[in-house]
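Please take a moment with the sequence and the model before reading on. The paragraphs below are meant to be read beside them.

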Amino acid sequence: MSNNTQKDIIKVRVHDGIVGLLNISSILLASQFGLNWIYVAVAVALLQILSPFTKFCPVYTILNKLMPDTTPIQNGK
């Protein structure tokens, strides 16, 4: 497996971790401080559902800039 492929796999795993943390933290905040926090999880879910069609993901946009030596993912193409 090439070095670039390994970096791409790391990028996908970091993305999944960030999205998972956003969902879990939103649910925990909603259970502790009120249901208004659940809208963060709803927004993340909507972005995940729409991203295959729009080719836009804010997390991948940031990761593409932070990891320029990897293959751009969901970069609007």
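What follows goes through the packing of the helices and then some individual residues.

The model is a predicted one, in which local features need pLDDT of at least 70 and side-chain atom pairs count only at pLDDT 80 or more, while totals for chains, interfaces and linings use all residues. Residues are numbered from 1 along each chain as its sequence is written, and side-chain values use heavy atoms, with hydrogens and water left out.

Two packed helices are described by the angle between their axes and the distance between the axes. Here helices (H or I, at least four residues) and strands (E, at least two) are DSSP runs numbered from the N terminus, and axes are lines fitted to C-alpha atoms, for helices over the stretch in contact, with angles running from 0 to 180 degrees between N-to-C directions. Helix α1 covers residues 3-33 and helix α2 covers residues 38-54, and the two pack with their axes 7 Å apart at an angle of about 150°. That angle makes α1 roughly antiparallel to α2, given that angles under 35 degrees count as roughly parallel, over 145 as roughly antiparallel, 65 to 115 as roughly perpendicular and the rest as oblique.

Which residues of α1 and α2 meet? On the α1 side they are Val19, Leu22, Asn23, Ser26, Ile27 and Ala30, and on the α2 side they are Ile38, Val40, Ala41, Val44 and Gln48, where contact means heavy atoms within 4.5 Å. By class, the contact of α1 with α2 has eight nonpolar, three polar and no charged residues; in this scheme Ala, Val, Leu, Ile, Met, Phe, Trp, Tyr, Cys and Pro count as nonpolar, Asp, Glu, Lys and Arg as charged, and the others, Gly among them, as polar.

Gln48, in helix α2, can be looked at on its own. Leaving aside its neighbours within four places in sequence, Gln48 is in contact with Val19 and Asn23. Gln48 is partly exposed, with a relative accessible area of 39%, since buried means under 20% relative accessible area, exposed over 50% and partly exposed in between (1.4 Å probe, protein chains only).

The axes of α1 and α3 come within 10 Å and cross at roughly 140°, and α1 and α3 are therefore oblique to each other. The crossing of α1 and α3 is right-handed. Lys11, Val12, Val14, His15, Ile18 and Val19 of α1 make this contact with Val59, Tyr60, Leu63 and Asn64 of α3, and the residues of the contact of α1 with α3 divide into seven nonpolar, two polar and one charged.

In the loop between α2 and α3 lies Lys55, which has a positive phi of about 60° although it is not a glycine. Lys55 counts as partly exposed, at 34% relative accessibility.

The segment after α3 (58-66) holds Thr70, and Thr71 also has its place in the segment after α3. Is Thr70 buried or exposed? Thr70 is buried, because its relative accessible area is 7%, whereas Thr71 is partly exposed, with a relative accessible area of 40%.

Not counting residues up to four places away in sequence, Thr70 touches Asn4, Lys7, Asp8 and Lys11. The side chain of Thr70 makes a polar contact with the side chain of Lys11 at 2.7 Å, a polar contact being a pair of N or O atoms within 3.5 Å of which, within protein, one must be able to donate a hydrogen and the other to accept it, with residues adjacent in sequence counting only if both atoms are side-chain atoms. A polar atom of the side chain of Thr70 also lies 2.6 Å from the backbone oxygen of Met67.

Thr71, again not counting residues up to four places away in sequence, touches Asp8, Lys11 and Asn64. The side chain of Thr71 makes a polar contact with the side chain of Asp8 at 2.8 Å. Thr71 and Lys7 are 64 residues apart in sequence and 8.5 Å apart in space, C-alpha to C-alpha.

Definitions and conventions:
A crossing is left-handed if the near helix is turned anticlockwise from the far one by less than a right angle, and right-handed if clockwise.
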